[in-house]
Every structure is written in structure tokens, then in C-alpha cells.
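Student: I have a new structure open and would like to go through it. Can you show it first?
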Amino acid sequence: MALLRVEKVYKSFQGFLALSGVSLEVRAEAFHALVGPNGAGKTTLFNVITGRLVPDQGRVFFRDREITGWPTPKVARLGIAVAFQRAQPFPSMTVLEAVVLARLGYTGQTFRLLRPLSSFPEAQAKAQAALAKVGLEAHAGRRVAELPLGDLKRLDVAMALVAEPEILLLDEPLAGLSRAERRRMVDFIGDLLRREGVTLLFTEHDTEAVLALADRVTVLHQGQVLAEGTPEEIRRDAAVRAAFLGGGA
Ligand SMILES: Nc1ncnc2c1ncn2[C@@H]1O[C@H](COP(=O)(O)OP(=O)(O)OP(=O)(O)O)[C@@H](O)[C@H]1O
Ligand SMILES: [Mg+2]
């Protein structure tokens with residue numbers, strides 16, 4: 001059974017069709033890559049899945065329950081977490097505070113933030129556990145602004161995992177990293193999510209990383225699904241090569 005299912009989704013912006021009948025199934029515990037050139041519609045699809053955008057047509061299901069148009073916090077509480085590419089979430093906070101805040105946001109408690117974060121013991125314990133999972137427990141007291149990019153990316157993952165999701169959506173988790181850091185990050189994400197039993201849907205431009213991490217690949221091109229298959233099938237697919245792999249996208 002598919003954990004997440006997108007059915008014939010359309011989304012346009014001022015007449016520009018960013019998603020044009022996209023269907024996608026992510027099986028439980030799969031590592032599913034969504035690839036395609038700039039502007040293909042990858043982030044737009046993430047926004048539709050997580051309720052940041054409502055599709056013009058089409059439907060989204062999670063475990064056969066329709067969630068089309070659900071507000072983002074409700075989608076998160078159902079078990080779908082997302083980490084978007086971003087520089088510094090809360091630069092002046094400590095690493096622990098950032099994750100506690102993420103947990104409070106997920107449990108709908110941000111309105112109580114005038115209280116010190118230490119008055120939320122449950123959120124603190126969850127945050128500490130999430131930091132341990134990503135190997136940042138020793139950096140809990142550091143300011144977010146002091147972290148090198150690789151650690152910031154781990155922090156992003158911790159802020160998503162603290163919601164205890166069944167599926168994690170990562171939008172370009174390797175962007176900005178050096179080649180060596182990218183390889184380390186691929187190993188880190190793969191080991192962590194397999195250990196946790198978390199399903200992954202991710203976008204990435206680094207073809208080598210995609211082939212190393214994914215067991216399923218969907219290729220998006222101009223808002224449409226061009227191909228779907230194993231990494232090996234996608235590598236061999238003539239239409240994919242013509243559209244962008246061979247073109248160095
Ligand atoms: N809020 C918006 N308003 C207008 N146009 C938008 C909006 N969001 C996305 N688009 C357009 O929709 C198309 C798809 O954008 P999207 O960000 O989904 O692409 P992408 O596949 O994530 O690209 P990239 O690899 O560069 O991140 C692009 O042409 C983009 O300019
Ligand atoms: Mg994008």
C-alpha cells in the first residue's frame with residue numbers, strides 16, 4: 001500500500017501551469033527521489049502535499065485518507081514532516097531552543113512562548129532525543145548562527161524529526177554542500193531514516209546522490225511526470241536522458 005499518494009494534481013500560478021496532472025505513489029519505508037530541472041514543479045508539489053498550497057484539481061492521500069487542502073499543522077500532526085532548503089532558521093537561538101520551538105509548533109503550543117522554554121519539559125526531552133539522533137547533542141547550547149552549513153542541515157533534519165513523522169520530505173538537503181560533505185550527508189540521511197523506519201521523499205539536483213540514496217525515482221519535467229522507476233531504470237530511460245540527464249541539468 002502507498003503511504004502517500006498524489007492523484008492527478010494541477011496547480012497554476014497566474015495562468016502558468018506549474019503542475020499538470022501529476023500522480024505519485026510513495027510506498028512505506030521507500031526512499032523516493034523527485035528529480036527534474038529547475039522549475040519542474042518539485043517544490044510546488046511539496047507545498048501541495050504539506051498544505052501550503054491548495055491544488056486547482058487533484059487529490060492527496062495519506063494512508064488512504066484524503067488530506068487535500070488540509071492546513072499545514074494538521075498535515076504535520078498526521079505524520080508528514082518537511083525540511084525546506086533554508087539558511088538559518090532562528091540564528092540567535094540555541095540549537096536546543098530551535099528544536100524545542102519546532103516541537104511546540106508541531107503540538108500547537110507556540111502561542112505560549114512568552115514562557116521560558118525550560119517550562120516545556122516534554123518538548124525539551126523530545127528535542128534532546130532528536131538532537132541525539134542527528135549527532136548534535138554536544139552542540140545543544142551553541143547558537144544556531146555559529147553552526148557550519150553541514151550542522152545546520154542536521155539541525156533542519158532534527159527540527160523535522162522532532163515531530164516524529166512517518167514520512168519526511170526533504171527539499172534539496174544537499175544544496176550548498178561540498179562534494180565530500182554531500183557524500184557524508186547521503187550516508188547520514190540513509191542510515192538515520194532506515195534506523196528510524198521513516199519513509200523519505202526528497203528532491204535533489206545531484207544525480208550521483210540521488211542514485212546512491214533512492215530506491216525509487218520520479219522524474220518531473222515541466223509540471224508532468226516524465227518517468228518513474230528504479231534508479232537503474234531512470235538512468236537508462238531515453239526520454240529522461242533527452243530531457244535533462246544528458247543535458248547536464
Ligand atoms: N508562488 C508562485 N508564484 C508564481 N509562480 C510560481 C510560484 N511558485 C512556483 N512558481 C513557478 O512554478 C514553476 C515551478 O516551480 P518550483 O519551485 O516548483 O520548481 P522546482 O522544480 O522546485 O525548481 P528548483 O529545482 O529550481 O527548486 C516555476 O516556473 C516557478 O517560477
Ligand atoms: Mg525547488
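Student: How many residues of domain 1 are in contact with domain 2?
Tutor: 19 residues of domain 1 are in contact with 14 residues of domain 2, contact meaning heavy atoms within 4.5 Å. This is a predicted model, where local features need pLDDT of at least 70, side-chain atom pairs count only at pLDDT 80 or more, and totals for chains, interfaces and linings use all residues. Residues are numbered from 1 along each chain as its sequence is written, and side-chain values use heavy atoms, with hydrogens and water left out.
Student: Ok, salt bridges. What does E196 pair with?
Tutor: E196 forms a salt bridge with K133, and their closest N and O atoms are 3.3 Å apart. The term covers a side-chain nitrogen of Lys or Arg within 4 Å of a carboxyl oxygen of Asp or Glu. Between domain 1 and domain 2 the count is 1 salt bridge.
Student: Which element gives the most to the side of domain 1 that touches domain 2?
Tutor: That is α6, with 6 residues. Helices (H or I, at least four residues) and strands (E, at least two) are DSSP runs, numbered from the N terminus.
Student: Changing topic: how many residues surround ligand 1?
Tutor: 14 residues surround ligand 1, and N38, G39, K42, T44 and H205 are the closest. A residue counts if one of its heavy atoms lies within 4 Å of the molecule.
Student: What lies 2.8 Å from an oxygen atom of ligand 1?
Tutor: A polar side-chain atom of H205. For T43, a polar side-chain atom lies 2.9 Å from an oxygen atom of the ligand.

Note on methods. Chains lettered and ligands numbered in written order. Polar contact = N/O pair within 3.5 Å; in protein donor to acceptor, adjacent residues only side chain to side chain.
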